[in-house]
Amino acid sequence: METQTQTIKKETKVLTERMTGAESVIRCLLEEGVDLIYGYPGGAIMPVYDELYKYQDQLHHVLTRHEQGATHAAQGYARTSGKVGVAIATSGPGATNFVTGIADAQIDSTPMVCITGQVASHLLGSDAFQETDIIGISTPITKWNHQVTKAEDIPAVLAKAFYIARSGRPGPVLIDITKDAQFGELDFAYEKCKGVRSYKPVPKTDPKSLKEAAKLINKAKKPMIVFGQGVILGEAEEELKNFIEKAGIPSAWTILGLSALPTKHPLNVGMVGMHGNYGPNKLTNECDLLLAIGMRFDDRVTGNLATYAKQAKIIHFEIDPAEINKNVKADIAVMGDVKDTLKQILPLVEPNAHDAWLQQYKDHDTIEYNKVVKEELYPSNEGLSMGEVLRGINEETKGDAVIVSDVGQHQMMACRYAEFTKSKSNVTSGGLGTMGFALPAAIGAKMGAPDREVVAIIGDGGYQMTIQELGTIFQTKVPVKIVVLNNGFLGMVRQWQQLFFDKRYASTEMVNPDFIKIAEGYHIKSTRVTKRENLQEAIAEMIASKEAYFLEVCVEKENNVFPMIPTGASVSDVRLE
């Protein structure tokens, strides 16, 4: 006689289909809701591409011009869509070309699943053609990685990969699949991963920490918030807004936290860090309570740790236990998902206003405006400034665009002067500082947010590192807007050479090609601006275009980005000139 347990097992048995490992890869992606991947084919991943051919109506593949471009595009897609980005490549150089994008995603907590092909399992370790130990190479820069040598392991491994990539503090996962595993057969059945033994993506929140934090908040006279990308990743923008408005606390942001709070919110006091705003940097060392929300106290934010906020009590809202006390010792650690912890602490916080304290930020803003901002946005000299280009873009987009910036002076200008009205609007390489990031990331960002205007702000140096992705734009017809701020230098390095190396401009001056002709070669409409009277019209034409558009603006060669905190200095030592 059949037992009740046996009956239940029969009724819940997962139906299987016989298929190749390669086809199972595609089916796993579809089961995870993936409809867009970026990649570049090659010998060791060819079986997967062959199966992909059969699923073109369900899974769109974007052929980038370089594997690094595929990872950055996947990052841009993840950052604007909130989904897991997917990139795929072959073994050997295909896999190693993924490394920069994976490292970038790891330090910036971007959810991404990278799939690489590998030589057949019997050839592993033999130095076969295009064999590289990508597992060994990528171990320090992935949240998790795994090599699959048997077809039947593919579904469970990929389910685990997506779970790990998107859960808790997100990050990149790499799955390496040998060629024989792709050709092999299995009985395919897919079950989404709901947990991994010993992996706890969201730590439990201690109610005591919330009560203690609320006590400090309620009695603070000069509280200050610094929020980071954790707010965006946790989709806690509304909770943050409710919290700061009730507590009346001036709130500053890290580069990756930018856009979590609207730029013009009355309690938004600007950016902290090396090129951040004068007020929040100076007043970090005057506040009596510093609340760090979803940020990791990066060295570009803190400056000299020995002098960072020593007078203040520190409350750290964080999902990753490894970040607690790593750089700055917290008096209270509020662990958990920030969306939940901000909800839980809200009833414990008393309504407050800190008008006199907020006025100090405004006073510092006035100083900064007169010393720096006015000349940057409304220059008195003949040459064009980067800041006035951003001002022109703000006027045309009304703060509704996604701004994707590369790395350098233009990045700092974009973060300082771009205006945002909604979250997931600032896409840049924060922790790794990857030149070449913006062009491919803008492709992914536009595909992740097709209804939004996406404008890439790039320097002439970083642009040439991934300029081949113009071919991807041409082929896909993705309508991204590209702005190259051309000063004929590797501008940020040149600035340091000017300030700290007696103007010895070693290997930083650029002899550039005709960018307009290159864009025209890819059939992308383009314009060059050298005079102020032509700038706004060109920006308006670019934003109005329904197709991709390239705008080159020739800016002053030796303008610098201020404020600036010199390396190793205190945040109090922020310079305005």
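**Exercise 1. Aromatic pairs**

Determine how many aromatic pairs the structure holds, and classify the pair formed by phenylalanine 188 and tyrosine 190.

*Solution.* The structure, which is a predicted model, holds 9 aromatic pairs. For phenylalanine 188 and tyrosine 190, the ring centres are 6.3 Å apart and the planes meet at 20°. Planes under 30 degrees apart count as stacked, so this pair is stacked. Phenylalanine 188 and tyrosine 190 are both buried.

**Exercise 2. A pair between two loops**

Classify the pair of phenylalanine 297 and tyrosine 308, and state where in the chain each residue lies.

*Solution.* The centres of the two rings lie 6.0 Å apart, with the planes at 80°. An angle over 60 degrees counts as edge-to-face, so phenylalanine 297 and tyrosine 308 form an edge-to-face pair. Phenylalanine 297 belongs to the loop between β12 (289-293) and α14 (299-302), whereas tyrosine 308 belongs to the loop between α14 and β13 (313-318). The pair, 11 residues apart, links distant parts of the chain. Phenylalanine 297 and tyrosine 308 are both buried.

**Exercise 3. The open sheet**

Give the strand order of the open sheet of 6 strands, identify its edge strands, and describe the pairing of β17 with β18.

*Solution.* The order is β16-β15-β17-β18-β20-β19, and the pairing is parallel. The edge strands are β16 (426-428) and β19, each of which pairs on one side only. From one strand to the next, the twist averages 15°. Within the sheet, β17 (residues 454-459) and β18 (residues 481-486) pair in the parallel sense over 5 bridges. Valine 455 stands opposite lysine 481 in β18.

**Exercise 4. Helices on the sheet**

Determine which strands helix α4 lies across and which strands helix α24 touches.

*Solution.* Helix α4 (residues 67-81) lies across β15 (402-405) and β16, and runs at about 155° to β16. Helix α24 (residues 532-544) packs on the sheet and touches β17, β18, β19 and β20 (549-554). The direction of α24 makes about 160° with that of β20.

**Exercise 5. Serine 526**

Decide whether serine 526 is buried or exposed, and list its contacts beyond four places in sequence.

*Solution.* The relative accessible area of serine 526 is 15%. Buried means under 20%, so serine 526 is buried. Leaving aside neighbours within four places in sequence, serine 526 is in contact with Ile516, Ala519, Glu520 and Phe550.

**Exercise 6. Nonpolar cores**

Identify the residues of the largest nonpolar core that touch the most other members, and list the contacts of isoleucine 315.

*Solution.* The largest core has 95 residues, of which Ile217, Phe243, Leu290, Ile293, Ile315 and Val483 touch the most other members. Helix α16 (residues 355-377) gives the most to this core, with 6 residues. Apart from neighbours within four places in sequence, isoleucine 315 is in contact with Ala213, Leu216, Ile217, Leu289, Leu290, Leu291, Ala292, Ile332 and Val334. A second, separate core of 48 residues includes Ala74, Cys114, Val427 and Val454.

**Exercise 7. Helix α18**

Explain why helix α18 is described as largely enclosed by the rest of the structure.

*Solution.* Helix α18 spans residues 409-417. Its buried residues are Gln409, His410, Gln411, Met412, Met413, Ala414, Cys415, Arg416 and Tyr417. Because 9 of the 9 residues are buried, α18 is largely enclosed by the rest of the structure.

Key: Residues numbered from 1 in each chain as written. Predicted model: local features only at pLDDT ≥ 70, side-chain atom pairs only at ≥ 80, totals over all residues. Heavy atoms only, no water. Buried < 20%, exposed > 50% of the residue type's maximum accessible area, 1.4 Å probe, protein only. Contact = heavy atoms within 4.5 Å. Pairing = 2+ DSSP bridges. Helix = DSSP H or I, 4+ residues; strand = E, 2+ residues; numbered from the N terminus. Axes fitted to C-alpha atoms, helices over the stretch in contact; angles between N-to-C directions. Phe/Tyr/Trp six-rings, centres within 6.5 Å; stacked < 30°, edge-to-face > 60°. Core = buried A, V, L, I, M, F, W, Y, C linked by side-chain atoms within 4.5 Å.
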